[in-house]
Amino acid sequence: MKALVAAILFIGFLSGGLRSISLMNEHAELAAAAYKRGDYIEAVASYEYLIEDLEVQDDQVRLNLGHAYFRLGELQKAQQQYTLLANHASRHIKAISLLQLGAISSQNRKYKQALSYFRQTLIVEPSNQAARYNYELIQKLLEDRPELARVDEEHEDLPGGHHAA
């Protein structure tokens, strides 16, 4: 009798685990399909569901969430996701995160910070052509317009990262 109860509990545990895995796979596929077709709102919803509700601990899912936020123009939320991955053990994930942080910094006109992120990307992944191109572009911009570096420094002095008007 105990063996029968144990077997029923074990089967119940397995079916719950399989259902959970099935749900994870379903939302991962939904998120990827939404991202591919450019529906970044749906992609964000699915990636958030995976991370927050299903408690998926997958750094690729987090990276994809960052990319979806980036595509939506939600740069602060994208930055949060990339920052969580900026010291990742995988050199590739680390490089992508640093590259994206550089792109966000550049869009926010924090050129010295962007230059630093692109430099860090190149240290992690020396063959990264996007980082090399962006590094050289920002470096040239700061050489040609040194006042942009000073404006960047002024922004760092403001509390909460707010920009001067």
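## Surroundings of Leu50

Apart from neighbours within four places in sequence, Leu50 is in contact (heavy atoms within 4.5 Å) with Met24, His27, Ala28, Glu55, Val56 and Val61. The model is predicted, with local features needing pLDDT of at least 70 and side-chain atom pairs counting only at pLDDT 80 or more, whereas totals for chains, interfaces and linings use all residues. Residues are numbered from 1 along each chain as its sequence is written, and side-chain values use heavy atoms, with hydrogens and water left out.

## Nonpolar cores

A nonpolar core is a set of buried Ala, Val, Leu, Ile, Met, Phe, Trp, Tyr and Cys residues joined through side-chain atoms within 4.5 Å; buried means under 20% relative accessible area (1.4 Å probe, protein chains only). The largest such core has 27 residues, of which Tyr47, Leu50, Val61, Leu65 and Tyr82 touch the most other members. At least two residues of this core come from each of α1 (2–36), α2 (40–53), α3 (59–72), α4, α5 and α6 (111–124), these helices being DSSP runs (H or I) of at least four residues, numbered from the N terminus. Helix α5 supplies the largest share, 6 residues.

A second, separate core comprises 12 residues, including Leu115, Ala131, Tyr135 and Ile138.

## Packing of α4 and α5

Helices α4 (residues 75–85) and α5 (residues 91–107) pack at about 150 degrees, their axes 9 Å apart. The pair is therefore roughly antiparallel, a term for angles over 145 degrees. From α4, the contact involves Leu75, Ala78, Gln79, Tyr82, Thr83 and Leu85; from α5, Ile93, Lys94, Ser97, Gln100, Leu101, Ile104 and Gln107 take part.

Methods: Axes fitted to C-alpha atoms, helices over the stretch in contact; angles between N-to-C directions. Parallel < 35°, antiparallel > 145°, perpendicular 65-115°, else oblique. Buried < 20%, exposed > 50% of the residue type's maximum accessible area, 1.4 Å probe, protein only.
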